[in-house]
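Subject: Structure for you to look at

Hello,

Here is the structure I said I would pass on. Please open it first, then read the notes below it.

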Amino acid sequence: MLPDEIIAQLISEFQCRDQHIQYLAALYTAHLPSPSFLNVHGLTATGKSSILRSYFHLSGIPHAMINVRECVTARHLLERVVASSLDALDEHHDEKIDRRPYARTENLSALCVNLAKLLEGRGKFVLVLDAVDKLREAGGTLIAALGRLGESIPNLSLILTTTLPLPPSSLHHPSTPTLSFPPYTRPQLLAILTHNPPKTFLTAPSAEDSPDYTPDLAAEDDAWLWSRFISAVFDSLSKHTGRDLLSFRSCCMKLWRPFVEPVMSGQFGTRDFSRLIINRRHLFQLEDSVLDRIINTGETPTTNPLEPSTPSKKRIARTPAHALPFYTTHLLIAAYLASYNPSRTDITYFMKHTDKRKNRRRTTNTVANATKARKISRHLLTPSPFPLDRLLAIFRALLDGSVPQVADVYTQIATLTSLRLLVRAGAGSNDALEGGGRWRVGFGWEYVRALGRSVNLEVGEYLVGGVD
Amino acid sequence: MNLRRRKNERQSVSERANTTHTRNYPSDFRSTATCGRSKKSASDAVQQKIVDFISTATSSPDEPKFAIPAGLIVAGPSIASHGPFFQRLGQNIKDETNSAYVVLTSGESPNLKTLLKNLIKKVTSHVEDDDDDDLDRPASSRHGPKLLNYDLGHVQEWRKKNRVASIVIAFQDSEAFDAGLLADIVDLFNSWLDRLPFVLLFGIATSAESFEDRLAGRSLRYLEGEKFDVTQSDDIIEKIFSATVASTASRLHVGPNLCRRMLDRQKDHVQNVQDFCDGLKYAYMSHFYASYPTIFLRNGLAFEDLPAEAFEAARNLPSFRRLVEDKLEDGRPGNVRQLLESDQHLFQQITKSMETGQHALSTLSHAAQVLFSIRASLQISPSIRLSSMWTRAAAGDMVGSPILRETMLSIKKISSDKFVDLLAALSSLHGDFFNMDLDTLQQELNSLIEKNDTSAPLRTQHDVRNDSLRTTVVAQKVLLSKHKAALSEQDRAYSDLVGRFHDQLEEYFESAFIDPQSIFLSEVLIYDLKSPHTEVFQPKPRFAIERALATPHDYLGCDCCSGVDGNEAALAATQPATAIVYQMYVESGALINVSDLWSAFNAIAGDGEEDNEPKTMALFQRALAELKYIGLVKPSRKKTDHVSKIMWKGL
């Protein structure tokens with residue numbers, strides 16, 4: 001394919017990236033020399049990888065592209081570089097290279113030797129390492145060494161893509177060529193999304209009901225409504241929460257169905273945008289659509305579409321889905337109190353007998369107090385570690401009557417540890433129940449309040465400083 | 001149909017047992033099998049849903065996916081039962097969908113590399129059995145670059161040979177996995193998703209929300225799925241209970257005290273179905289192993305099979321003594337003499353009372369079932385679980401109890417529409433152990449309802465709506481008087497019918513709810529011993545150590561340690577050194593001055609002579625070292641010459 005054709009095709013495929021495609025075409029052509037190293041950088045969802053992949057695929061230059069995310073160690077990356085270079089050359093030249101000399105690539109020098117051997121006497125070869133900054137267990141010199149591969153192997157061109165530009169310090173090189181993919185601007189984002197509007201009506205209205213409503217007309221209406229809808233979504237939500245293409249698109253897709261619901265039910269016409277947006281304004285006020293969730297609950301249909309519901313700030317209460325056994329619940333509450341109360345206040349809160357002198361609970365802060373010493377509420381701080389016996393002591397103080405000293409209590413502590421509701425503080429031994437260890441809770445105030453209420457115990461009463 | 005099959009299975013099991021064993025344990029076998037089956041049936045619906053989810057997720061393998069299908073299985077806090085659950089789930093998934101199934105636990109995956117190695121090993125070894133030419137594969141090291149052993153390329157290669165529709169990976173205890181590891185693995189799987197069709201299942205003990213909270217938004221974006229709630233373990237236990245303990249088919253009954261203990265433990269300490277089943281099995285086992293007369297529980301026993309010791313053992317049972325005393329009171333000493341002297345006679349007596357005892361106990365179980373279904377059908381609140389109702393009945397305090405009285409009173413007030421439902425519910429329980437004449441009642445009721453021309457249901461005379469209050473003012477005092485409204489002809493007939501039903505039912509309950517302890521051979525028919533059960537299932541390690549150290553006399557039982565002047569708590573030189581130091585330890589504060597401790601020890605254990613002091617010192621040092629070994633003290637840096645106390649007695 002001719003360079004101009006490639007450019008034309010890529011531009012039609014990737015909008016708003018004309019300039020970058022031109023650059024790539026200028027740098028990497030089949031016959032002209034190419035830079036030995038290029039750092040392509042840009043934030044997520046800016047089209048780096050896709051454009052590179054498509055360009056090299058179309059241009060017919062022998063190349064190998066490696067997704068560094070899939071590599072677990074640096075060794076893994078090196079092995080894959082050699083393996084996929086072999087594959088790429090095999091495929092490009094339609095031959096079978098003898099692979100025996102390339103059996104092992106343990107380190108960078110082996111890579112250097114192997115690649116030099118492999119590319120000796122061949123034409124230009126492009127190696128793309130995608131997301132090279134995402135490599136786990138990367139050594140400090142890996143990127144610098146990779147950057148200099150081109151010096152020893154003249155026909156290798158290396159492209160590293162990263163999120164942020166590689167600094168000269170990490171490359172040990174004062175100047176390296178870079179190609180920046182800036183994030184899309186608002187007009188660009190809107191232009192990309194307008195390209196492919198979803199349908200308003202999942203099933204086209206039957207011909208009898210609306211004989212004039214042709215598919216062409218429907219497509220025109222969809223495009224009209226969609227373009228206004230996405231700019232509204234961008235201005236209200238995505239501008240502040242996620243400006244990249246992916247989250248913007250997913251947000252629009254999540255909101256589109258509930259947005260056009262009144263149109264589908266026939267309440268508004270397809271071009272009643274202003275009335276529609278007022279009717280559906282709660283969609284733009286809630287944050288549900290911009291939060292990532294595993295479970296798609298789906299928008300619950302409002303009972304009365306004429307009455308726009310006000311956005312409710314109420315969050316789903318963090319109640320445990322499965323009721324815990326009675327003593328386990330108390331153990332968790334005791335652990336929370338041990339973590340958030342200073343140990344010197346234990347006498348005040350948990351002594352069974354009343355000692356007038358000591359047993360005076362601090363009253364909740366008055367307004368004057370609060371302004372004088374502005375303190376962060378305790379339950380907003382990180383939990384502090386406590387020894388196991390303190391937990392057990394508070395546990396016994398919380399319960400009326402005695403609890404037998406059975407091993408079940410320890411079983412429960414071990415179970416809660418494996419659920420990460422209790423966490424061993426500090427890198428200690430492996431034994432969860434070894435004496436002398438310190439512990440910490442792994443849950444928050446809302447959870448413990450719900451737990452306490454399930455056993456008729458108001459945890460706030462035992463918490464130092466109280467909770468508003 | 002299902003029930004019948006189950007029965008047949010049971011019979012075949014016990015038959016097999018009959019032929020192979022000299023002493024068979026029919027209840028044991030049956031109940032164990034039933035435990036498993038009830039557990040299975042309880043979680044079947046959820047498992048089916050998960051399997052459906054997987055098959056829909058993999059229905060279009062060629063379509064590019066942007067997120068990994070993920071099932072969040074909220075399996076509850078009893079993590080011990082997660083293992084069997086995922087095992088069964090794997091079987092179902094493999095049977096019904098074309099998938100590879102791998103379970104990963106947190107223990108075997110401390111980091112990404114190990115996790116991947118394990119994963120690859122498990123996935124690829126699934127078919128090694130039916131793929132023998134695996135060995136012919138060229139040893140790749142000689143032929144070119146070899147994949148590292150944590151490269152998912154192995155799985156890809158494997159999949160080329162075995163076209164599976166999906167690779168299901170279950171994280172059995174997702175909470176225990178490191179959050180960073182989970183994020184890494186999700187990221188990795190997502191980038192492989194175009195080549196390997198992964199489906200992830202996460203076993204969650206707390207809640208799906210807290211699982212989502214642990215992952216970053218990026219990882220969440222790569223996952224998309226559904227939540228599955230596994231049946232609560234209380235419900236499963238209830239099912240197991242009614243299939244084993246409260247079943248009319250069981251020959252050995254677990255007694256009320258033990259039942260209450262086991263159920264309370266489930267409620268208070270552990271929610272663990274496995275544990276409950278183990279408890280039941282242990283109860284059956286200890287009954288049969290520890291008690292000789294249980295040999296009489298065997299079906300079809302002949303006199304010749306039995307040794308004389310069995311009869312001797314039976315004669316030593318308290319219930320035998322009771323039987324004898326009753327007979328003497330009745331004035332039948334001849335009969336008693338026969339029982340005491342002739343084994344043959346005793347055998348006949350035992351076989352007979354075994355049968356009647358079984359029947360009585362089964363009737364009791366069934367009556368509890370009947371009472372439960374009456375309450376369920378009348379929707380009397382508070383709803384009481386069958387297990388607690390059965391336990392009360394088995395303890396013999398059901399007759400005259402508030403539950404029974406309340407139920408009977410509400411039966412008196414029942415209206416005809418509810419009565420129809422009740423009869424329908426009861427007719428399913430009709431059988432050997434509940435033989436009230438329901439059909440006649442049903443017919444009479446039907447004819448009454450047919451005659452009823454109003455839309456309102458028929459009401460009895462006890463119904464509140466038939467009462468009216470009348471106030472009369474006599475000499476400036478208000479008198480309230482209740483009056484029965486005049487009953488219509490039909491209502492009167494209906495009241496009659498309900499009254500008869502009520503009387504019959506009351507009679508039935510009175511005959512059924514006996515005190516099980518009163519029947520002859522109740523020791524054989526019922527196992528209700530607390531002792532081995534508590535020690536085995538609820539040991540008290542800390543208590544035992546503290547007690548041994550605080551009062552060594554309890555364990556040593558020697559004369560020398562019994563205390564000074566009858567005071568057991570007093571320290572004495574004859575006690576073990578560790579015990580002496582421990583008792584001083586208990587009395588001290590959080591920081592202990594070792595020098596003080598030594599002088600106190602020397603005052604008790606030493607004999608005041610200077611020459612013997614090194615000996616005492618050695619004892620003291622060993623005692624302190626032992627306390628440190630147990631984990632009671634540790635060296636402190638807060639103060640010189642002090643150790644800190646880290647365990648308090650009685651916690």
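**The sheets of chain A**

In chain A, β7 and strand β8 (residues 438–441) run antiparallel and are joined by 4 bridges. Strands here are DSSP runs of E, at least two residues long, and helices are DSSP runs of H or I, at least four long, numbered from the N terminus. Two strands pair if DSSP finds at least two bridges between them. Across this pair, A:V423 has A:R440 in β8(A) as its bridge partner.

Before going on, note that this is a predicted model: local features need pLDDT of at least 70, side-chain atom pairs count only at pLDDT 80 or more, and totals for chains, interfaces and linings use all residues. Residues are numbered from 1 along each chain as its sequence is written, while chains are lettered from A and ligands numbered from 1 in the order in which they are written.

β7 and β8 belong to an open antiparallel sheet of 3 strands in chain A, ordered β6-β8-β7. β6 (386–387) and β7 (422–425) of chain A are at the edges with a single partner strand each, so one side of each has no neighbour in the sheet.

Chain A also has an open parallel sheet of 5 strands, in the order β2-β3-β4-β1-β5. Its edges are β2 (63–67) and β5 (178–181) of chain A; each has a single partner strand, so one side of each is left without a neighbour in the sheet. Within this sheet, strands β1 (residues 37–42) and β4 (residues 156–162) of chain A pair in the parallel sense over 5 bridges. There, A:H41 has A:T162 in β4(A) as its bridge partner.

**Where the chains meet**

Contact is made between 58 residues of chain B and 46 residues of chain A, where contact means C-beta atoms, placed from the backbone, within 7 Å. On the chain B side, β5(B) gives the largest share, 6 residues.

**Two helices of chain B**

How far apart are the axes of α25(B) and α27(B)? Helix α25 (residues 577–587) and helix α27 (residues 613–630) of chain B have axes 8 Å apart and pack at an angle of about 65°. Axes are lines fitted to C-alpha atoms, for helices over the stretch in contact, and angles run from 0 to 180 degrees between N-to-C directions. The angle makes α25(B) roughly perpendicular to α27(B), a term for 65 to 115 degrees. Among the residues that meet are B:V581 and B:Y585 in α25(B), and B:L619 and B:F620 in α27(B).

Regards

Conventions: Contact = placed C-beta atoms within 7 Å. Parallel < 35°, antiparallel > 145°, perpendicular 65-115°, else oblique.
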